[in-house]
Structures are given as structure tokens and as C-alpha cells.
Amino acid sequence: MARTTVVIASRNRSASLLRTLTHLSELAVPVILVDNASTDDSVALVRQRFPHVEVLESPVNLGAVGRNLGVRAARTPFVAFADDDSWWAPDAFERAEPIFDDHPDLAVIAARTLVGPAEKPDPITPLLRHSPLGQGVAGPAVLGFMACSAIVRRQAFLEVGGFSPVLFFRGEETLLSWDLAAAGWALCYVEDVVAHHHPVVEREPGGDLLERRNAVLVTWMRRPVHRAVAASLKDPRAFRAAVPRLRQALRQRRALPKHLERQIRTASGPPRRDA
């Protein structure tokens with residue numbers, strides 16, 4: 001019986017989504033697609049060509065929060081995320097599941113990500129592999145990951161509320177990482193667990209600003225006020241983009257444990273290339 005479910009959130013990317021599902025169908029694991037109000041033929045094509053995939057249709061675009069729906073619907077103890085342009089190596093779950101079993105306090109395995117047909121390591125790889133936080137329970141301890149190459153313990157993910165609607169999309173992993181660590185869960189990079197990422201050439205316009213906006217919002221939500229002020233002054237454009245969501249962010253503000261704040265300073269922020 002499968003112990004890992006793959007959850008994909010997608011919107012208007014039917015071509016790459018079908019490629020991803022073709023790869024995932026070789027793994028014989030449950031797959032849940034959360035469709036973020038696509039206006040293309042994504043849902044119809046998936047239901048026609050991949051009837052085994054459970055499709056959850058959101059009437060609105062939830063962004064990263066769409067993954068929360070998939071995790072809640074999953075019936076396995078572990079959930080692997082994939083984007084509509086990424087998939088998992090054939091042995092990824094066989095390697096990951098015993099690690100979770102051996103370390104009941106482990107919430108996230110950040111996998112090694114191979115990019116494109118050349119399968120070059122993603123630029124985040126050396127940051128994870130050589131994390132300044134040292135060795136964790138199952139590999140280098142980290143305070144960040146890429147969702148498209150992460151496997152989570154469903155219990156831990158739901159316990160902390162999953163991805164935040166305040167952030168919507170881009171860099172949403174940072175807040176989740178900090179909240180998991182604050183709740184006492186471990187996050188580790190595991191070299192032998194591999195994901196493949198074949199991103200489309202064109203990036204959505206405004207993506208960089210969204211990442212910077214969310215970095216500011218996350219700082220206001222969890223870090224000391226003087227650091228949030230400094231982050232806002234350092235990137236005024238990102239702060240201006242954050243203002244419409246700032247009240248909502250401040251309503252969810254809570255301080256991190258002192259030891260975790262020290263770890264964040266040690267790592268100079270979460271080990272993400274876009275943080």
C-alpha cells in the first residue's frame with residue numbers, strides 16, 4: 001500500500017502538467033491535482049488521460065494554498081509536492097519513507113533537485129548541502145526548501161496550518177519552515193532523495209517582486225520588529241507591495257523562539273535562492 005501521495009497545484013499549464021503526470025504515473029502512488037481555477041483544458045485533459053488522478057477544482061486561484069486542500073484530502077502519512085513542471089525519481093519515496101520512520105520528529109525532507117534535460121543540480125543544492133546549521137536528524141538541518149522537491153509529514157504540515165494565504169505564492173516555504181521548526185519539528189536535506197524540475201523558459205511577470213514582497217511579510221509576521229523595519233527600508237518597493245497585506249500579516253504575528261531566531265541569523269535567512 002502506498003504511503004506517499006503526490007500533491008500538485010496547477011493553473012493554466014496543461015501541456016507541462018500532462019508531462020508531469022506521465023512521469024508520476026510510473027510511480028504507482030496516489031496523485032491529487034488541485035486545479036486553481038484554470039481557464040484552459042487542464043481539468044478535462046487530466047480526467048480523460050489520467051482517470052486515476054484525484055482532481056480537486058477550486059473556484060478561485062488559491063496560489064500555494066491550493067496545496068493545503070490536497071494535503072487534507074490525502075490519506076497517506078507522507079505527502080510529496082510537485083509543480084506542474086516537476087516530478088520525482090522512481091526510488092524517491094522508497095528512500096524517503098524509511099527515513100521518516102526512523103526519525104518521528106522529522107517533518108520535511110528537502111530533496112536534491114536536478115534541473116532540465118542536463119539534470120544539473122539546482123543552485124539551491126549547495127546551500128542545502130552545506131547548511132551552516134550543521135547536521136540534523138537525517139542530514140544537514142535546513143530552514144527552507146523548494147516545495148516542488150519536498151516531502152512532508154502530513155501530520156506536521158496540518159499541525160502548523162500549511163501554507164499561509166497571506167503570502168499566496170512565491171517564497172511561501174519560508175514561513176512554513178519557520179513554523180515547523182518553532183513547533184519542534186526537524187527539517188533536513190537528504191542527498192539521496194531526488195526530484196526532477198524542468199521549468200518553462202518564461203517566468204511569470206512580477207515573480208521577483210512577489211518573492212521580495214513575501215520576504216518582507218514573513219519578517220513582519222515572525223521576526224523582531226527592528227528586523228522587520230530594516231527589511232522594509234532595505235527594499236521599499238517590496239514593502240509598498242506588501243502594504244495591502246500587512247494588516248492581515250500583523251494579525252498573525254507571533255514571535256519565534258529565541259533559539260530559532262538565532263538559527264535564522266546564523267543562516268542569514270532560509271537557504272533559498274530567492275529568499
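In which sense do strands β6 and β9 pair, and over how many bridges? Let's take a look, keeping in mind that this is a predicted model.

**View 1. Strand β9 beside strand β6.** Here β6 (residues 106-115) runs alongside β9 in the parallel sense, and nine bridges link the pair. To find your place, look for Leu114, whose bridge partner in β9 is His196.

**View 2. Strand β9 beside strand β5.** With β5 (residues 86-88), β9 pairs in the antiparallel sense, over three bridges. A handy landmark is Trp88, which stands opposite Ala195 of β9. Strand β9 spans residues 186-197, and ten of its twelve residues are buried, so the rest of the structure largely encloses this strand.

**View 3. Helix α7 and its cover.** Helix α7 takes in residues 173-182, and nine of its ten residues are buried. Those buried residues are Glu173, Thr174, Leu175, Leu176, Ser177, Trp178, Asp179, Leu180 and Ala181. Their cover includes the strands β6 and β9, along with the helices α6 (154-159), α8 (207-222) and α11 (258-266). Follow the chain just past α7 and you come to Gly184, which has a positive phi of about 95°.

**View 4. His198 in its loop.** You will find His198 in the loop that joins β9 to α8. Is this residue buried or exposed? His198 has a relative accessible area of 16%, so it counts as buried, the cut-off being under 20%. Setting aside neighbours within four places in sequence, the residues in contact with His198 are Arg19, Asp85, Trp87, Gly116 and Pro117.

Methods:
Residues numbered from 1 in each chain as written. Predicted model: local features only at pLDDT ≥ 70, side-chain atom pairs only at ≥ 80, totals over all residues. Heavy atoms only, no water. Buried < 20%, exposed > 50% of the residue type's maximum accessible area, 1.4 Å probe, protein only. Helix = DSSP H or I, 4+ residues; strand = E, 2+ residues; numbered from the N terminus. Pairing = 2+ DSSP bridges. Contact = heavy atoms within 4.5 Å.
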